[in-house]
Amino acid sequence: MSQLFIIYTLITANEICSKPQPWDQKMSMSSPFTITISIFFFLFSLTALGNANQSFAKKPRNPRSLVLGLTHSRALYPTLKISNNGMSTEKPSEMSDMVEPLREIRDGYLISLNLGTPPKVIQVYMDTGSDLTWVPCGNLSFDCMDCDSYRNNKLMATYSPSYSSSSLRDLCVSPFCSDVHSSDNPYDPCTIAGCSLSTLVKGTCPRPCPSFAYTYGAGGVVIGTLTRDTLTTHGSSPSLTREVPNFCFGCVGSTFREPIGIAGFGRGVLSFPSQLGFLHKGFSHCFLGFKFANNPKISSPLVIGDLAFTSIDNLQFTPLLKSPMYSNYYYISLEAIVIDNAAPILAPSRIREFDSHGNGGMIIDSGTTYTHLPDPFYSQILSLLESIITYPRAKELEDRTGFDLCYKMPCPNNAITDGDNLLPSITFHFSNNVSLALPQGNYFYAMGAPSNSTVMKCLLLQRMDDGESGPAGVFGSFQQQNMKVVYDLEKERIGFQAMDCASAAASQGLVR
């Protein structure tokens, strides 16, 4: 099959919570430690809850490639051939260029989905830490508990199956249905749906996939139904569009702490790249700095397919690890962190490798805003920074924001610069001799406008909540700004290269 690529423009958004939360909570834009359960188990759970400077080179368009735009906070999709049981069985061998504009918001990166007939534009988070793609469903009926700050948010467009002539429910015999219900037995969903034994064994039950509940590690929950509909993408000129029928996603009617939909870019069968046929190849992104948040004139490039692997000679690659328990995440091995010229602070074994149950390790996650590190590793980093930095602490700001280290920094002429060398350098060392020196703006960030030649800056790393299961650390999107990050899934590795992502956006035509 010919390889395709997708370019998305990405955008960054306002923080949902005043105090940043632990990893994989969309409320601080952390990405999900995902578990799926049936609707019946979720209702039981609710009862218990009653008592979270280099740019891309300009390249000629590949006639068999896919180009989409993402916003900072999904793609030309292959045409699907549907068998009698409604399953996707084939993808086309050739596809035209496709372009979609994307937008940046402060807590993550948004991608625009054009769903239905006629198309409805829904903006959702791009999240490498989960696999389900879902959108809010219903006009006035979509309900989000504990989402008061998003009640009047303009991003909250919803999808209505009844308004789309191409919408249909996914069937209980679908492998997507088994996956969203976390079932090892493919008969389970159809049994819940009330299918007869004869239709079960023949795989001919016509009943829809039962409602599901999908949970996220920091407590977010969404309830919905699996739906298929046409996804429309724009081509290399505004007059060109392409329709991809039968894309499978969650039509979600109610959520807890999840006000905006999500495009899952994880490794599961439901994920966005998996359904597009790109999971064997990979993708890349270059996240704009947060200073571009809410700027409608520029978007971050997200590239899927062959184009993601052009000009990669200068990248540093670290191997992807595979957890025997949590196979849908992208794991990398952090070996040490070096601050200035001090001795390396060695990462504990639990963040470098897995235990016998598959717990531990570090995931790289576009859906988690800040990097999270476990204690005592994190406390050692704080102690060393405190011993080096001599500026006055901003204790009141620490109390208000929940960040652990905030300082009152000199700011001549009230002009903020990231390269002033007033703060110590921080370098992450990953396996395979990968040394990733973070730009200063990726770890100490101004928390407001300067005043009287002084600015308040906070360390935007956070402590990982103690827990016996799941990842031990997360490499978040804030620390990935102004870097080209390549997910080379064919060779099972992730590459890094410092890059001016604004220039990269301009080279891909993502600046207006």
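Which residues of α7 are buried? The legends below answer this and describe further close-up views. This is a predicted model in which local features need pLDDT of at least 70 and side-chain atom pairs count only at pLDDT 80 or more, while totals for chains, interfaces and linings use all residues. Residues are numbered from 1 along each chain as its sequence is written, and side-chain values use heavy atoms, with hydrogens and water left out.

**View 1. The buried face of helix α7.** In α7, the residues F377, Y378, I381, L382 and L385 are buried, where buried means under 20% relative accessible area, exposed over 50% and partly exposed in between (1.4 Å probe, protein chains only). Helices (H or I, at least four residues) and strands (E, at least two) are DSSP runs, numbered from the N terminus. An α-helix has 3.6 residues a turn, so residues three or four places apart point the same way. From first C-alpha to last, the 12 residues of α7 reach 17 Å, close to the 16 Å expected at 1.5 Å a residue; the expected span is 1.5 Å times one less than the number of residues.

**View 2. Two nonpolar cores.** A nonpolar core is a set of buried Ala, Val, Leu, Ile, Met, Phe, Trp, Tyr and Cys residues joined through side-chain atoms within 4.5 Å. The largest one has 65 residues, and L334, F430 and F496 have the most contacts inside it. Helix α7 (residues 377–388) supplies the largest share of this core, five residues. A second, separate core of 22 residues includes Y125, F142, C144 and V180.

**View 3. An open sheet of three strands.** The strands follow the order β25-β29-β28, with antiparallel pairing; two strands pair if DSSP finds at least two bridges between them. At the edges are β25 (406–410) and β28 (444–446), each of which pairs on one side only. Three bridges join β28 to β29 (residues 454–459), and F444 stands opposite L459 in β29.

**View 4. The disulfide of C406 and C458.** A disulfide, defined as a pair of cysteine sulfur atoms within 2.5 Å, joins C406 to C458 with an S to S distance of 2.0 Å. C406 lies in strand β25 and C458 in strand β29, so the link ties together parts that are 52 residues apart in sequence. The torsion about the S-S bond is about 105°, so this disulfide is right-handed. Both C406 and C458 are buried.

**View 5. Two left-handed disulfides.** The structure holds seven disulfides, one of which is formed by C137 and C251, with sulfur atoms 2.0 Å apart. Its S-S torsion is about -130°, so the disulfide of C137 and C251 is left-handed. C137 is in the loop between β10 (134–136) and β11 (143–145), whereas C251 is in strand β15 (residues 241–256), 114 residues apart. The sulfur atoms of C286 and C501 are also joined, 2.0 Å apart, and with -85° about the S-S bond this link is left-handed. It ties strand β17 (residues 282–286) to helix α9 (residues 501–507), parts that are 215 residues apart in sequence.

**View 6. The cysteine C248.** The sulfur of C248 is 7.9 Å from the closest cysteine sulfur, in C209, too far for a bond. C248 counts as buried, at 1% relative accessibility.
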